[in-house]
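Dear colleague,

I am passing the structure below on to you, together with an account of what was found in it. Please read the notes beside the coordinates.

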Amino acid sequence: MSDLPQLAESVLAAERRLGSPQLAWDAVLTTVAAAHDLRPEGESRPRDLADPALAAWSDPAAIEHLAPVHEALVEGRQASGTFYTPPALVGWILDRFPADPEARVLDPACGAGHFLVAHARRLVERGVSPEAAVTLVHGVDLDPVAVSITRLRLRALAPSVDPESLDVRVGDGLHAHAGAPYDAVIGNPPFLGRLRGRVPAGGPSRGPDSTDAPVPRAGAYTDTSALFLRHALGLVRPGGTVALVQPLSLLAARDAAPVREAVAAAGAVTAFWSSLEPVFAGTAVLTCVPVVTTATTQGLVPTWFGPAFLGAGEQPLPEHEWGPIAAAAAGIPVVSPRTAGTLGDLGRCTADFRDQYYGLVPFVGEHPATAGQARLVTAGLIDPAECRWGEIPSRFAKTQYAAPSVDLDALHAEGSLSTWARARLVPKVLVATQGRVIEAVVDEDGDWLPSVPVLTVAAEPEHLWHLLAVLLAPPVVAAAAARYLGTALAPGAIKLSARQLASIPLPADREAWDRGAASARAAQVGGAARRREHLVACAEAMCTAYDDHEALAWWSGRLRPV
């Protein structure tokens with residue numbers, strides 16, 4: 001039996017000979033069908049495509065290689081979100097819904113049939129006839145070759161089945177499904193990041209296999225896979241199961257909030273898997289699977305994690321962001337701080353965007369930090385209670401600077417950013433997200449300008465060090481790491497928006513908070529030699545202020561070595 005590279009090369013050779021990928025795959029599928037004594041489907045399929053280069057496909061066992069070879073040869077699979085599911089994850093998902101021998105199962109983005117074929121085989125193992133098993137699975141995909149592969153794999157499992165009885169077709173899974181409701185909707189829909197115009201947010205979706213049913217409304221940056229999840233909720237019967245692979249960002253991304261709300265309205269998350277390491281070959285995207293049972297009351301959720309599907313116990317499902325459900329698997333300690341008020345009570349939290357970023361470009365250079373100049377502080381220059389401006393290089397607008405500064409005279413003369421700059425050149429705390437802890441530093445004199453994506457907390461001078469102590473507090477960091485798990489670029493990092501920053505709770509114990517603020521100030525102004533000592537003292541005081549010491553050791557272990 002030839003290995004996968006040889007089989008893939010045989011497809012490419014057929015493509016060169018026949019002039020198109022479609023004709024090449026027609027030839028391959030004709031060869032594989034003949035090996036199983038099956039006639040090719042469709043009158044348009046060529047009958048004279050015998051090719052010695054395709055001889056390896058005449059081995060009946062070659063049918064098991066159709067899906068991985070097709071995956072390997074899909075052009076632009078990053079752009080199309082095409083990454084097929086590891087067998088272990090397929091098996092875990094199939095284990096999550098009842099083994100009803102009459103259940104009807106839909107995969108709305110079936111690809112080459114990993115889920116459908118595996119489920120049909122399970123049914124056969126449980127005594128269902130092959131002919132009945134393959135008619136209980138239903139699939140849709142935009143890729144006609146993948147659909148043909150799925151159909152052929154199912155026909156090989158039940159050679160006597162009438163191909164017309166197979167409900168696996170070319171179409172858009174986000175359109176209407178005439179066979180609904182199903183008992184379960186499972187699969188691995190495409191991950192496409194921003195919707196990119198594929199589906200209008202909240203608008204109707206029309207196609208050859210659709211009605212005028214509206215596609216679920218979502219924000220512009222909702223991943224397409226989350227739309228599949230929301231759409232699937234309306235495709236199952238009451239008590240039915242929805243289990244679709246999702247990016248980890250589903251847990252806390254702002255634009256995925258309507259999808260999480262739709263899940264809560266439709267039923268309950270009854271099982272959950274996540275991984276803080278990639279499990280899909282060819283992509284670093286981190287994934288999770290919320291298993292949803294419709295028309296069911298929410299209870300504690302059994303959880304699993306990682307490529308080995310280790311059990312992580314039962315967890316409560318939070319009301320808004322779902323990050324805490326995966327926190328234990330991520331090694332984030334569970335905290336219950338005693339609080340009073342929020343950070344937004346003491347300061348105004350703001351974020352800057354592309355207009356400020358690109359608007360600053362003409363005014364940034366290696367200027368001396370003198371009158372008429374402002375230090376430009378990028379996220380990479382901020383550590384806990386430390387600004388490393390002038391100590392390490394920094395990149396801004398694809399240019400590296402030793403000490404980036406903004407020419408304020410020129411900026412004010414030009415005028416478009418003058419009001420913005422004056423609003424930022426005040427006493428403040430600057431916060432860099434995407435770190436392993438919350439990284440923040442005080443600008444007591446108000447002469448630094450933040451670079452996107454640095455957040456700004458403008459406050460009265462007497463509040464600055466108390467605000468810094470809050471942001472350094474282990475209970476705060478652990479709570480943020482759990483709540484917003486999955487939204488940062490790196491799996492262990494913490495990403496906050498200005499709104500989320502403002503919602504951080506303040507501690508209830510003011511005396512301990514005062515001690516934490518004093519230690520935070522000492523950490524920043526006392527020099528590098530004792531910085532870590534002061535940071536730890538601040539952390540200990542703030543654990544007391546919040547009456548929660550669970551995260552102290554975890555937080556200390558995540559600090560950058562001094």
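A residue is called buried when its relative accessible area is under 20%, exposed when that area is over 50%, and partly exposed in between, with a 1.4 Å probe and protein chains only. By that definition, buried residues make up 53% of the 562 residues in the protein.

This is a predicted model, in which local features need pLDDT of at least 70 and side-chain atom pairs count only at pLDDT 80 or more, while totals for chains, interfaces and linings use all residues. Residues are numbered from 1 along each chain as its sequence is written, and side-chain values use heavy atoms, with hydrogens and water left out.

As for the overall fold, the protein has 19 helices and 24 strands, taken as DSSP runs (H or I of at least four residues for helices, E of at least two for strands) and numbered from the N terminus. Its C-alpha atoms fill a box of roughly 85 × 50 × 45 Å along the principal axes. If contact means heavy atoms within 4.5 Å, then among contacts between residues at least 6 apart in sequence, 74% join residues at least 24 apart.

The axes of H2 (residues 21-35) and H8 (residues 144-157) come within 11 Å and cross at roughly 5°, where axes are lines fitted to C-alpha atoms, for helices over the stretch in contact, and angles run from 0 to 180 degrees between N-to-C directions. The two helices H2 and H8 are therefore roughly parallel to each other, a term for angles under 35 degrees. On the H2 side the contact is made by Gln22, Trp25, Leu29, Val32 and Ala33, and on the H8 side by Pro144, Val145, Ser148, Ile149 and Leu152.

Further along, histidine 231 lies in helix H9 (residues 224-233) and is buried, at 13% relative accessibility; its side chain reaches the backbone oxygen of leucine 174 at 3.3 Å. In helix H10 (residues 257-266), Ala257, Val259, Arg260, Ala262 and Val263 are buried, and the buried residues of H10 pack against H9, strand S7 (267-274) and strand S8 (287-294).

Finally, the cysteines: the structure holds 0 disulfides, a disulfide being a pair of cysteine sulfur atoms within 2.5 Å. For cysteine 387, the nearest cysteine sulfur, that of cysteine 538, is 18 Å away. The sulfur of cysteine 538 is itself 9.4 Å from the closest cysteine sulfur, in cysteine 543, which is too far for a bond. Cysteine 387 is buried at 15% relative accessibility, and cysteine 538 is buried at 0%.

Key. Angles under 35 degrees count as roughly parallel, over 145 as roughly antiparallel, 65 to 115 as roughly perpendicular and the rest as oblique. A polar contact is a pair of N or O atoms within 3.5 Å; within protein, one must be able to donate a hydrogen and the other to accept it, and residues adjacent in sequence count only if both atoms are side-chain atoms.
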